[in-house]
Amino acid sequence: MTISHSTPDNLPVADEILTNEALAFVEALHQEFADRRNELLDQREVQRRKAVEQGALDFLPETRSVRESDWTVAPAPEALRDRRVEMTGPASPPNMAINALNSGAKVWLADLEDAASPSWHNQIESVANLRDAARGSLRYTSAKGKEYALREDGPRAVVVVRPRGWHLPENNITVDGRTGIGALTDFGLHFFHTAQQLLDNGEGPYYYLPKMESYLEARLWDDVFTFAEKYLGIDHGTIRATVLIETIPAAFQMDEILYELRDHASGLNAGRWDYLFSIIKYFRDAGEKFILADRSSVTMTSPLMRAYTDLLVQTCHKRNAFAMGGMAAFIPSRKDEEVNRAAFDKVRSDKTREAGDGFDGSWVAHPDLVPVCREVFDDVLGDRPNQVDRQRPDVEVTADQLLDVPSAGNARTEAEMNDNLYVAIKYIAVWLSGNGAVAIHNLMEDAATAEISRSQVWQQIKNSVVYSDTGNTATRELVSEALDRQLEVLRGEIDAENFEKWFVPAGRLIADMVLREDYPDFLTLPAYQLMEGSE
């Protein structure tokens with residue numbers, strides 16, 4: 001074998017996951033697909049520069065026949081026909097996995113990506129938890145003696161796993177002397193250990209695919225799936241994948257992405273926060289017309305976002321695929337009734353819009369919100385498992401509408417700049433300590449919201465934005481002073497030991513991200529190098 005790996009400390013189950021057989025499969029995936037993955041990542045910047053030069057994106061002329069021809073994806077397996085409410089969250093620690101499986105949601109998005117802190121311990125424990133969940137043996141007893149077990153009094157959520165995006169490495173795996181690929185490691189270990197058990201259970205190996213920027217990246221995933229099915233001797237088309245349309249170039253290639261995955265496709269998802277982050281990232285040096293308003297003011301009813309979600313629903317249903325709604329970031333509080341009521345109202349409104357627009361289901365980030373989402377979709381769907389038959393012939397979306405950033409508003413405030421810095425620092429600090437889903441100001445923040453927070457500040461400095469609430473201009477000096485203030489605020493909220501261990505390095509990282517001249521494509525890449533246990 002040419003694959004080498006490290007073993008997480010204090011995780012006895014790691015030896016059951018990192019077996020010679022499983023590692024041989026991960027090795028085979030890398031040897032077969034690593035070079036193509038690297039070439040496609042290089043192409044991302046090439047395509048971005050072309051778009052910036054033109055000041056626009058458009059639907060691809062070379063794939064017009066795919067968009068205009070008549071085809072559909074493979075029929076959905078029975079276990080995935082009803083997805084009206086999906087619970088999202090990390091698969092580690094085990095009590096969170098158990099709570100998600102028991103939540104009453106139809107589907108659990110078991111997240112090894114944006115809501116996960118990718119320490120080697122967390123990634124391997126996640127796979128172990130998912131394996132045990134498939135076996136029905138997942139249990140956990142907390143340090144305080146509280147016991148968690150899988151429910152027997154009703155159905156558990158169907159698991160759909162989100163591996164890391166193509167861009168993320170896995171420093172604890174080396175193949176042929178090269179650093180491992182997070183996506184192939186996550187998929188390979190999960191698929192190897194659970195695929196047959198899931199099939200025996202009447203379900204299957206199902207995945208959410210994040211961060212793709214082109215149909216060629218979807219083609220790569222499809223080839224990975226075909227290779228994996230053949231390797232384990234299971235039927236072609238057994239794997240099913242839902243693709244997150246969370247980058248601006250992918251919004252122009254929805255048909256093509258489904259087409260490439262058509263034997264394995266299940267649907268598309270509107271990944272709203274990463275989508276906004278992607279708009280900033282992609283057009284960061286394309287002028288003032290791409291300066292995004294404060295993220296808190298960009299609603300899903302703005303023309304920019306309506307174009308994106310309407311096109312997604314229309315595309316999916318035309319191809320017999322599911323259209324999945326995105327995350328409402330509001331979370332309830334069991335201690336504050338006013339906060340709780342506001343969260344329920346905002347989530348209900350968000351899900352009502354999605355169900356009315358034709359989505360087949362949507363995401364929530366907290367078990368208490370599962371009944372809210374289910375009630376809204378029950379009202380629209382009734383006994384039907386989905387509304388794929390709603391074709392949306394009324395929708396006509398142009399390239400200009402997808403790129404109409406000014407339609408999202410022009411509120412750009414110094415108050416939100418300060419809040420963005422606070423969120424980005426606090427999220428990364430907690431992420432470095434091992435937790436990838438963080439409640440901040442009654443909102444569930446993950447890597448996507450941290451990315452848009454730091455990107456907005458960089459973009460404002462780049463374009464010398466004048467803040468509407470203070471009249472001050474965004475400069476490196478102004479933002480540097482704001483960074484110092486937010487760190488002091490956080491110092492007052494955190495004990496001294498944890499502040500020095502996690503928040504000081506997080507503050508330095510965010511300062512570098514927002515103050516440097518060039519724009520770093522991903523916050524999580526340099527953050528990963530700071531993480532204990534990533535190397």
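In this predicted model, Phe252 has 2% relative accessibility and therefore counts as buried, the cut-off being under 20%. Phe59 stands at 21%, so it counts as partly exposed. The ring centres of Phe59 and Phe252 are 5.1 Å apart; the planes meet at 55°, so the pair is tilted. Phe59 belongs to the loop between helix 2 and helix 3 (64–68), Phe252 to the loop between helix 8 (248–251) and helix 9. The pair therefore ties together parts 193 residues apart in sequence.

A second aromatic pair joins Trp71 and Tyr259. It is edge-to-face, with 5.1 Å from centre to centre and 70° between the planes. Trp71 lies in the loop between helix 3 and strand 2 (85–90), and Tyr259 lies in helix 9, 188 residues apart. Trp71 is buried at 9% relative accessibility. Tyr259, at 27%, is partly exposed. The charged end of Arg262 sits over the Tyr259 ring, 3.9 Å from its centre.

Aromatic pairs number 22. One aromatic cluster includes Phe25, Trp166, Tyr207, Trp221 and Phe225.

Helix 7 (residues 215–232) has 18 residues and should span 26 Å at 1.5 Å a residue; its end C-alpha atoms are 26 Å apart, which agrees. At its start, a side-chain oxygen of Ser214 comes within 3.2 Å of the backbone nitrogen of Leu216. Gly233, with a positive phi near 70°, follows the helix. Buried residues of helix 7 include Tyr215, Leu220, Trp221, Val224 and Phe225. The helix's buried residues pack against helix 2 (20–54), helix 6 (182–200), strand 9 (206–209), strand 10 (240–245) and helix 9 (254–260).

Note on methods: Residues are numbered from 1 along each chain as its sequence is written. This is a predicted model: local features need pLDDT of at least 70, side-chain atom pairs count only at pLDDT 80 or more; totals for chains, interfaces and linings use all residues. Side-chain values use heavy atoms; hydrogens and water are left out. Helices (H or I, at least four residues) and strands (E, at least two) are DSSP runs, numbered from the N terminus. The expected span of a helix is 1.5 Å times one less than its number of residues. Buried means under 20% relative accessible area, exposed over 50%, partly exposed in between (1.4 Å probe, protein chains only). Contact means heavy atoms within 4.5 Å. A polar contact is a pair of N or O atoms within 3.5 Å; within protein, one must be able to donate a hydrogen and the other to accept it, and residues adjacent in sequence count only if both atoms are side-chain atoms. Rings of Phe, Tyr and Trp (its six-membered ring) pair if their centres lie within 6.5 Å; planes under 30 degrees apart count as stacked, over 60 as edge-to-face and the rest as tilted. A charge sits over a ring if NZ of Lys or CZ of Arg is within 6 Å of the ring centre and within 35 degrees of the ring normal.
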